[in-house]
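Here are my notes on this structure. Please read them with the model open beside you.

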Protein chains: 2
Amino acid sequence: MFDYKLLAALAAVVEQAGFERAAQVLGLSQSAVSQRIKLLEARVGQPVLVRATPPAPTEIGRRLLNHVQQVRLLERDLQGQVPGLDEQALPERLRIAINADSLATWWAAATAEFCAAQQVLMELVVEDQEVGLKRMRAGEVAGCVCAAERPVAGARSLALGAMRYRALASPAFIARHFAAGVSADALVRAPAIVYGPDDQLQHRYLAGFGVTGAFAYHLCPSSEGFVRLAEGGLGWGLVPELQVREELASGRLVDLLPERFIDVPLYWHHWRNGGELLSELTECLRRAAGGALVQVQPGP
Amino acid sequence: MFDYKLLAALAAVVEQAGFERAAQVLGLSQSAVSQRIKLLEARVGQPVLVRATPPAPTEIGRRLLNHVQQVRLLERDLQGQVPGLDEQALPERLRIAINADSLATWWAAATAEFCAAQQVLMELVVEDQEVGLKRMRAGEVAGCVCAAERPVAGARSLALGAMRYRALASPAFIARHFAAGVSADALVRAPAIVYGPDDQLQHRYLAGFGVTGAFAYHLCPSSEGFVRLAEGGLGWGLVPELQVREELASGRLVDLLPERFIDVPLYWHHWRNGGELLSELTECLRRAAGGALVQVQPGP
């Protein structure tokens with residue numbers, strides 16, 4: 001069998017983003033960790049880590065990490081039957097990539113019971129869809145919530161439903177920029193808010209009005225910051241309905257056009273052989289998403 | 001004088017994180033942008049960009065960007081007096097590094113009027129203190145809100161006041177883990193929530209109870225996700241008071257020990273020769289922070 005002490009050292013260096021922290025977590029000296037990595041590299045005959053800040057796995061390193069992740073999940077199943085097998089016996093940590101808006105809305109309520117019952121700790125990584133799936137493929141995460149349907153090799157995807165995004169702004173902003181109604185002209189002139197370079201929701205909304213060129217926008221890579229900017233009257237932007245129920249009810253945020261919204265489908269990606277724990281989480285997400293998200297029929 | 005067409009190409013490639021997007025923004029072909037960068041490199045006699053994804057400035061590239069940023073701010077002052085000088089005349093975009101919790105709370109209300117009056121668009125970059133200042137030093141941002149007081153060379157720092165963090169959890173979580181009171185023992189066993197590897201607030205809180213070793217925690221790199229996890233009963237964690245007024249008033253979140261809180265001082269870093277616009281923003285932040293943040297006397 002593989003020498004899992006060496007593989008655990010590799011996993012710790014990547015997860016802790018450095019040799020020093022990895023050594024702390026493993027209860028070893030830094031030079032011992034470094035030795036284990038070197039020994040692992042001698043065995044596989046090539047580097048497993050790029051020595052950068054933070055250290056990054058090489059292609060072969062990624063494959064090893066992927067394997068470690070899956071072995072850990074399988075170990076956990078066994079531990080239910082044979083307790084005391086793992087000397088370290090820390091609570092299980094599930095690393096999951098998730099889009100920022102899911103984390104800001106439905107995720108906590110959906111997983112609270114599961115985490116408490118299973119004594120699971122979560123390590124959440126906020127990523128947009130393509131990067132989330134890349135991390136999945138690299139074995140860096142056990143699961144991923146994103147808008148892409150197609151699973152990576154060895155994984156399954158489950159349709160959770162859709163997040164409904166509405167174009168919102170403050171009443172003062174609407175009075176200033178849309179007094180004469182929401183038109184293509186007015187939309188181009190009123191500053192928008194965009195989450196980041198990969199956020200195309202505002203572009204899609206504008207395209208619905210025939211606007212495809214440049215428009216003025218603030219950039220704000222924070223779900224809560226985004227809502228605060230809209231509420232403060234700095235711009236208009238597409239916000240998950242789920243996130244702003246109170247703001248909509250109290251009138252602090254207003255829908256530009258209630259009949260125009262954008263539904264973004266969400267999928268849960270998880271390893272096919274991820275063990276009991278991932279299966280239970282999958283079941284729990286299936287149930288919770290049914291209540292929290294909009295259930296839509298996918299297009300043809 | 002320098003050839004600012006070349007410098008603008010460098011700035012666009014770095015700001016847009018690629019040659020293709022830079023070309024779009026500049027209205028040039030990709031090869032024209034690439035040519036300008038090469039010409040710039042021929043003039044300075046060394047590379048200004050590392051051709052990675054995304055392209056990163058070299059040491060000398062950073063100094064050039066720093067210069068471009070300051071020239072742009074000075075240009076803006078002049079434009080008030082000599083309109084029409086800039087052919088492109090896009091609204092000014094201020095790039096600012098800010099800690100996630102400020103963006104999730106007081107920032108929007110503090111800057112809304114300024115942005116509307118000055119027709120400024122903001123590009124916000126969420127960074128923890130050290131990285132924010134590094135970006136400042138590199139000339140990638142015009143200002144920075146962070147917990148470090150010491151300004152980088154050429155910049156000033158202004159004390160804004162402090163964010164007050166309270167250790168909060170849901171009533172159900174408190175009943176489950178702290179029924180017998182908040183003790184070192186109970187704190188180590190109850191899962192915490194930690195924002196990321198640089199978030200030491202939970203560690204500091206625990207140190208106040210004499211706990212310095214390992215403890216169980218979820219990792220959640222999102223301000224709003226953090227609050228949702230606490231509210232959902234997944235863990236306890238230190239949350240800015242400002243962010244959860246409603247949750248505290250309604251009892252959805254409860255203070256573990258109201259007399260124990262942590263005040264984190266915040267500073268506004270800005271270029272000393274940043275022009276009128278930065279000076280006005282600085283004034284506006286000074287006024288707004290007085291109302292939103294806790295005004296504390298710095299220690300000796």
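1. Four salt bridges cross the interface of chain A and chain B. A salt bridge here is a side-chain nitrogen of Lys or Arg within 4 Å of a carboxyl oxygen of Asp or Glu. One of them joins R21(B) and D198(A), at 4.0 Å from N to O.

2. This is a predicted model: local features need pLDDT of at least 70, side-chain atom pairs count only at pLDDT 80 or more, and totals for chains, interfaces and linings use all residues. Side-chain values use heavy atoms, without hydrogens and water.

3. Chain A gives 39 residues to the contact and chain B gives 40 (contact: heavy atoms within 4.5 Å). About 2,900 Å² is buried between the two chains, and carbon and sulfur atoms give 60% of that area. Buried area is the accessible area (1.4 Å probe) that two parts lose on being put together, summed over both.

4. Which elements of chain A supply the side that touches chain B? α6, β4 (120-126), β8 (217-219) and α11 (223-231) each supply at least two residues. β4(A) has the largest share, seven residues. Helices (H or I, at least four residues) and strands (E, at least two) are DSSP runs, numbered from the N terminus.

5. Within chain A, helix α6 (residues 107-118) packs on helix α13 (residues 275-292). The angle is about 145 degrees and the axes lie 9 Å apart. Axes are lines fitted to C-alpha atoms, for helices over the stretch in contact; angles run from 0 to 180 degrees between N-to-C directions. Among the contact residues are W107(A) and F114(A) of α6(A), and L281(A) and C284(A) of α13(A).

Definitions and conventions. Residues are numbered from 1 along each chain as its sequence is written. Chains are lettered from A and ligands numbered from 1 in the order in which they are written.
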